[in-house]
Amino acid sequence: MRTRWTATYMQTSLRGIANRARQDKKARFRDLYRLLNEENLRGCFYRLRKSAAPGVDQVTFTEYERELDANLANLVERLKRKRYRAKLVRRKYIPKGGGKLRPLGIPALEDKLLQGAAAQLLTAIYEQDFLDCSWGYRPNRGPREAGRVLADTLFRGKTGWVVEADIRGFFDNISHAWMMRMLRERIEDKAFLRLIEKWLKAGVLEEDGKVLHPATGTPQGGIVSPVLANIYLHYVLDLWFDKRVQKVNRGQAYLMRFADDFVGAFQCRDDAERFLRELQERLGKFGLQVAEDKTRLLRFSRFELEPNEAFGFLGFEFRWVKSRHGKPTLRRRTQPRKLCASIRKFAEWIEANRHYRVTEVMQGVRSRLQGYWNYYGVRGNMRSLSKLYYYCIRLLFKWLNRRSQRNSYTWDGFKAMLNGFRIPPPQIVERTPEPVFL
């Protein structure tokens with residue numbers, strides 16, 4: 001009953017904040033810090049992932065939960081007395097593709113707890129301000145849905161040119177000064193702002209033991225980082241496109257942004273070229289740079305299929321092709337490099353896990369393939385799905401037959417086993433909802 005009351009109390013507070021932010025676009029909020037109390041933090045604690053990696057203090061969810069009442073009381077007391085200090089963020093590098101590594105920040109558990117509470121408050125305020133072109137890290141907005149909306153918009157619009165863009169090292173180059181200035185547009189609570197500033201300035205513990213104190217950026221992986229990133233690009237990119245770029249364009253123009261990846265679609269070439277030219281200057285003002293190797297202007301028109309180009313976004317390749325009836329249609333398929341990466345990742349997984357019981361192996365295969373179909377199973381992408389299934393099933397057959405000196409399975413017996421374990425074949429899971437346009 002206590003947990004349920006806590007969740008209800010927090011949700012009531014968030015609804016009140018959201019309603020005020022929606023009704024008054026110039027309202028500035030003063031009483032956010034006081035909502036970081038024991039009851040609200042208790043509800044936020046149970047929203048944390050139990051299996052998440054610990055931070056520099058090595059405190060896990062289970063350990064903190066054993067003395068939860070005392071731990072929360074101590075944390076709130078430190079907050080009230082302004083004695084709370086953000087701990088170092090443990091940095092871990094994970095493969096990104098192309099031989100590159102993506103840095104992730106892993107905060108300590110108490111920092112994650114407070115960040116989760118702060119993220120809820122920031123989301124309640126800024127969800128009322130964010131524009132429809134923003135799709136990343138927002139409630140009820142996912143990458144597959146973003147891809148569908150973009151495809152609908154391109155198909156029904158008058159697009160002739162596309163600017164495919166990416167920001168170089170975005171999370172590492174967010175200006176702290178600009179970030180705090182943007183937050184002050186809506187927040188007047190100095191204690192709450194100082195709390196966010198502590199997380200921005202928290203030191204980073206590298207894998208080799210060195211401690212860095214970056215002057216810019218926010219650790220990619222912190223719970224509060226996604227909403228801060230959206231707030232930053234809301235002012236830097238979204239509002240600029242809506243208030244400035246759209247006003248001077250001669251033709252139609254659309255913007256779709258998912259975190260720091262974005263695509264601009266234009267009817268006229270000179271509008272697209274001006275946007276690309278002014279984009280460099282706009283981002284530079286806020287300490288950001290375009291990733292030149294991932295940014296380009298390309299021809300993308302349903303009215304002239306040749307010459308025409310394709311672009312990638314959120315793991316999909318978008319390309320104009322002719323349908324069986326000779327009409328132009330927009331095809332979405334898995335990007336070839338993403339397809340190859342998925343097959344390679346499956347090969348590494350099955351090779352490393354082939355010694356487990358067959359039941360466990362097949363459960364892993366089923367969950368991996370179903371997850372792939374759930375994301376990439378869009379209309380027109382069956383060929384890519386079938387290709388991935390073909391290679392994964394043959395890899396599975398190969399490695400299961402290497403569990404002993406003799407072959408364990410014939411092909412017929414192997415196929416019967418796939419059916420017995422209900423390994424899902426390629427499937428299109430996308431339905432046809434009402435079209436949504438940018």
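R20 sits over the face of F29, 4.8 Å from the ring centre; a charge counts as over a ring if NZ of Lys or CZ of Arg is within 6 Å of the ring centre and within 35 degrees of the ring normal. R332 does likewise over F316, at 6.0 Å.

A note on the source: this is a predicted model, where local features need pLDDT of at least 70, side-chain atom pairs count only at pLDDT 80 or more, and totals for chains, interfaces and linings use all residues. Residues are numbered from 1 along each chain as its sequence is written, and side-chain values use heavy atoms, with hydrogens and water left out.

F316 also belongs to an aromatic cluster with Y372, W373, Y375, Y376 and Y389.

Now salt bridges, meaning a side-chain nitrogen of Lys or Arg within 4 Å of a carboxyl oxygen of Asp or Glu. The whole structure has 24. One of them joins D69 to R42, with the closest N and O atoms 2.9 Å apart. D69 is in helix α4 (residues 68–80) and R42 in helix α2 (residues 38–45), so the pair ties together parts 27 residues apart in sequence. Helices here are DSSP runs of H or I, at least four residues, numbered from the N terminus.

Is R42 buried or exposed? R42 is buried, at 6% relative accessibility, whereas D69 is partly exposed at 42%. The cut-offs are under 20% relative accessible area for buried, over 50% for exposed, and partly exposed in between, using a 1.4 Å probe and protein chains only.

Finally, K25, D129 and R186 are linked in a salt-bridge network.

Terms used. Rings of Phe, Tyr and Trp (its six-membered ring) pair if their centres lie within 6.5 Å; planes under 30 degrees apart count as stacked, over 60 as edge-to-face and the rest as tilted. Helices (H or I, at least four residues) and strands (E, at least two) are DSSP runs, numbered from the N terminus.
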